[in-house]
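Please look at the sequence and the structure shown below before reading on. The notes after them go from the whole chain to single residues.

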Amino acid sequence: MAYDYYPIEKLSVYLSDDGGSELTLFAFMEAAKFAVYWLPFCRENNIIERCPDAYFSSSYTENSETQKIKLMYESMKTRIENVIERGKVDEDYINNDEELQDFTKFSIAGFTRHNHPSIVQVLLESGKDKDITGHGMPNLIYLSREKNKSSPHHFKAGALNALLRVSGIMTNAPIILKLDCDMYSNDPSTPQRALCYFLDQTLWPKLAFVQFPQCFHELNEADIYASEMKGLFHTNAMGMDGLSGPNYVGTGCFFRRRAFFGCPSSFEQPKIPELFPDHVVNKPIQAHEISRQAHYVASCNYEDESTWGSKMGFRYGSLVEDYYTGYRLQCEGWKSIFCSPKRPAFLGDIPISLYEVVSQNKRWSVGLLEVAFSKYSPLTFGVRSMGFVMDHCNAHYAFWPIWSIPIILYAFIPQLTLLNGVTIFPKRSNVEIFGDFEKC
Ligand SMILES: O=c1ccn([C@@H]2O[C@H](COP(=O)(O)OP(=O)(O)O[C@H]3O[C@H](CO)[C@@H](O)[C@H](O)[C@H]3O)[C@@H](O)[C@H]2O)c(=O)[nH]1
Ligand SMILES: [Mn+2]
């Protein structure tokens, strides 16, 4: 919300809560109340570190103003932590009837994270809500899509498609930033950087997304599990940027809304005209009609008999919806750009325990193999759609899990042969080639 973006009223922040938790809604209500102080504070003091947590742990100038806002931030944090500890939002944390009504939606009979109606909650409305200096605030909207056990939810890709549609109904901005909940924005000028590419007339017709690298904070010095993934997020992306562009890596990526509706030359029509990417919303986001439609497009059966997940939106069928979606967009002829400024645009959390690393790698491996052995495999489909070199880059990812076989063999066989006295590596004297090298 604190981006350097003018006019700020054109910015809308959507939060997807796939867990359907009143605690998350409470945290966001608190964040909205704090934001009316924090945004003018950042603007007037030219703060670069706009994530409050990062700002207060940096070496900032202490004065009465910073002390006051820090106190506010700390008390907000304590309130949220208390609510999380209790596991529910008690009455003493609810300020008025309106808030009470919002929270009762979570206490209807049978409400669980896997089974509940869709909840769309406008926490801030641009044009109406102002900060303490009278400047406008961006829109802030909470969404928990409908879930029930009989409809497939398609994990993160499903959540993102619901977000795409709800944001389409409410504001329908042509450019979308997708950010994971474990990342924060580290540079207030990032939207300008991305927009420079989108506004370039030579790139525009085929440009689908601008990807920033995933960078992490709190990396331990040795990074013993090699979680920084420099090869994946930096080196390979830079190379692919010289071809059709990098892959989408799930977060820190600016998309053009149009890219989710078919290839550059043919448009895939959504069911309702309000979801067309060029539709201009001319009703306030709290209007009854908008709210009704937002609930409708966030419902479980909205996608029935539609091409959402196959030809439209984020693609279903792989646990790595990011790789799969980026790859399919490139197959359709879309291009992408890699933007890696000196100051990281986003910073995120990294898995730090062995258990987390193993489960992340397992998830990625299963997801990549799902693509490798699907009808859209880079070996068959990709190579025809994007040419050999670009496809080779994508195939390198899809078949990456197969590396585990030689690595496991290499990890065990030398020890086993050593214990059993078997020689597997050639003896130096047995190999002619060494002799030849020596002669050289
Ligand atoms: O059913 C789900 C599962 C996940 N998420 C969200 O997905 C995001 C990423 O999940 P995380 O646990 O952080 O996974 P990572 O392994 O760190 O994610 C990497 O790998 C994922 C799969 O390729 C990508 O989606 C991520 O963007 C990428 O950072 C989070 O914001 C979650 O809230 C959902 O919304 N619904
Ligand atoms: Mn993550």
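This briefing describes the chain as a whole, then one helix, and then a few individual residues.

The structure is a predicted model, and every value below is computed from it. Its chain holds 14 helices and nine strands, and 46% of its 440 residues count as buried.

**The chain as a whole**

- Taken along the principal axes, the box that the C-alpha atoms fill is roughly 85 × 55 × 50 Å.
- When contacts between residues at least 6 apart in sequence are considered, 74% of them join residues that are at least 24 apart.
- The chain exposes about 23,500 Å² of surface, and 57% of this area is supplied by carbon and sulfur atoms.
- Among the side chains, 42 are positive and 51 are negative, and the centres of these two sets lie 6 Å apart.

**Helix α10**

- The buried residues of α10 are Val-357, Gln-360, Trp-364, Ser-365, Gly-367, Leu-368, Val-371 and Ala-372.
- Which helices do the buried residues of α10 pack against? Their partners are α9 (321-331), α11 (378-386) and α12 (388-398).

**Backbone features**

- As background, most residues other than glycine have a negative phi, and most peptide bonds are trans.
- The peptide bond that joins Tyr-6 and Pro-7 is cis, with an omega of about -5°, and Pro-7 has its place in the segment before β1 (12-16).
- Asn-46 is not a glycine, yet its phi is positive, near 50°; this residue is found in the loop between α1 (22-45) and α2 (52-56).
- Is Asn-46 buried or exposed? Its relative accessible area is 61%, and because a residue over 50% counts as exposed, Asn-46 is exposed.
- Phe-155 also has a positive phi, of about 50°, although it is not a glycine, and it is found in helix α5, which covers residues 155-170.
- With a relative accessibility of 53%, Phe-155 counts as exposed.

- Gln-293 has its place in helix α8 (residues 288-297), and its relative accessibility is 9%, so it counts as buried.
- Leaving aside neighbours within four places in sequence, Gln-293 is in contact with Ile-169, Ile-272 and Glu-274.
- Val-383 lies in helix α11, and its relative accessible area of 31% makes it partly exposed, a class that runs between the limits of 20% and 50%.
- Once its neighbours within four places in sequence are left aside, Val-383 is in contact with Pro-378, Phe-388 and Asp-391.
- How far apart in space are Val-383 and Asn-394? They are separated by 11 residues in sequence, and their C-alpha atoms are 9.5 Å apart.

Definitions and conventions:
Residues are numbered from 1 along each chain as its sequence is written. Chains are lettered from A and ligands numbered from 1 in the order in which they are written. This is a predicted model: local features need pLDDT of at least 70, side-chain atom pairs count only at pLDDT 80 or more; totals for chains, interfaces and linings use all residues. Side-chain values use heavy atoms; hydrogens and water are left out. Buried means under 20% relative accessible area, exposed over 50%, partly exposed in between (1.4 Å probe, protein chains only). Helices (H or I, at least four residues) and strands (E, at least two) are DSSP runs, numbered from the N terminus. Contact means heavy atoms within 4.5 Å. Accessible areas come from the Shrake-Rupley method with a 1.4 Å probe; for residues, only the protein chains shown count as cover. Lys and Arg count as positive and Asp and Glu as negative; His and the chain ends are not counted. The place of a charge is taken as NZ of Lys, CZ of Arg, CG of Asp or CD of Glu.
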